[in-house]
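Hello,

Here is the structure I promised to pass on. Please open it first, then read the notes below.

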Amino acid sequence: MTARFTGQHMAAILVAFFAVVIAVNFYMARTAVMTFGGTVVDNSYVASQHYARWLDEAAAQDRAGWRAEPEIAGGRLMLVLRRGGSPVVGARVRVSARHPLGALPDRVIELVPAATPGRYRAPVALPPGRWQLLIEARDGDAQARFETELRA
């Protein structure tokens, strides 16, 4: 004899289905809230007032031929810095490293010159993972800013 499919069976299937859907929604919402790193800018109106100036500064930096090439070597951040195709020697280079999900604390690293001209290295290693880098280089009165992403 075979069992009959009753209304109680259908009710149990519906309750189980919606319980799974609700549990997954709660999990996804909790994960989204816990991993959000914060705001992009603190005040979007103020940022909009500086936007044209930022574009002009970026265009001037491109015309000057600034280039930054970050990489990870031996677990440490290395950076090749050029301006107009020539290595930049003796610059002050500062890197702000931010984990994209905010899971790890931000790090500010002052890079020191390496043996090769135009090459700079971090005195400390970055933990493994993906990092968003804000690179600020100053050579005398000239300065440049770069934003890039790197996997350590």
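**Salt bridges**

At 41% relative accessibility, Glu 57 counts as partly exposed (buried means under 20% relative accessible area, exposed over 50%, partly exposed in between, with a 1.4 Å probe and protein chains only). Before more detail, note that this is a predicted model, where local features need pLDDT of at least 70, side-chain atom pairs count only at pLDDT 80 or more, and totals for chains, interfaces and linings use all residues. Residues are numbered from 1 along each chain as its sequence is written, and side-chain values use heavy atoms, leaving out hydrogens and water.

Glu 57 has a salt bridge with Arg 53; the closest N and O atoms are 3.1 Å apart. (A salt bridge is a side-chain nitrogen of Lys or Arg within 4 Å of a carboxyl oxygen of Asp or Glu.) Arg 53 is partly exposed too, at 40% relative accessible area. Both residues lie in helix α2 (residues 44–64), four residues apart, about one turn of the helix. Helices (H or I, at least four residues) and strands (E, at least two) are DSSP runs, numbered from the N terminus.

How many salt bridges does a search of the whole structure find? It finds eight. One of them joins Glu 71 to Arg 119, with the closest N and O atoms 2.8 Å apart. This pair links distant parts of the chain: Glu 71 is in strand β1 (residues 66–73), Arg 119 in strand β6 (residues 119–125), and 48 residues separate them. Glu 71 is partly exposed, at 34% relative accessibility.

Glu 136 and Arg 145 also meet through their side chains, at 2.8 Å from N to O. Salt bridges with shared partners join Arg 92, Arg 94 and Glu 110 into one network.

**Aromatic pair and nonpolar patch**

Rings of Phe, Tyr and Trp (its six-membered ring) pair if their centres lie within 6.5 Å; planes under 30 degrees apart count as stacked, over 60 as edge-to-face and the rest as tilted. The count comes to one aromatic pair. Phe 17 and Phe 18 form it, edge-to-face, at 5.0 Å centre to centre and 80° between the planes. Phe 17 is partly exposed, at 48% relative accessible area. Phe 18 is partly exposed, at 47%, and lies in helix α1 (residues 7–35).

Both belong to a nonpolar surface patch, whose members also include Phe 5, Met 10 and Phe 26. Together, the patch residues have about 910 Å² of accessible area (Shrake-Rupley method, 1.4 Å probe; for residues, only the protein chains shown count as cover). Patches are made of residues with over 30% relative accessible area and no salt bridge, like charges being joined within 9 Å and nonpolar side chains (Val, Leu, Ile, Met, Phe, Trp, Tyr) within 5 Å.

Best wishes
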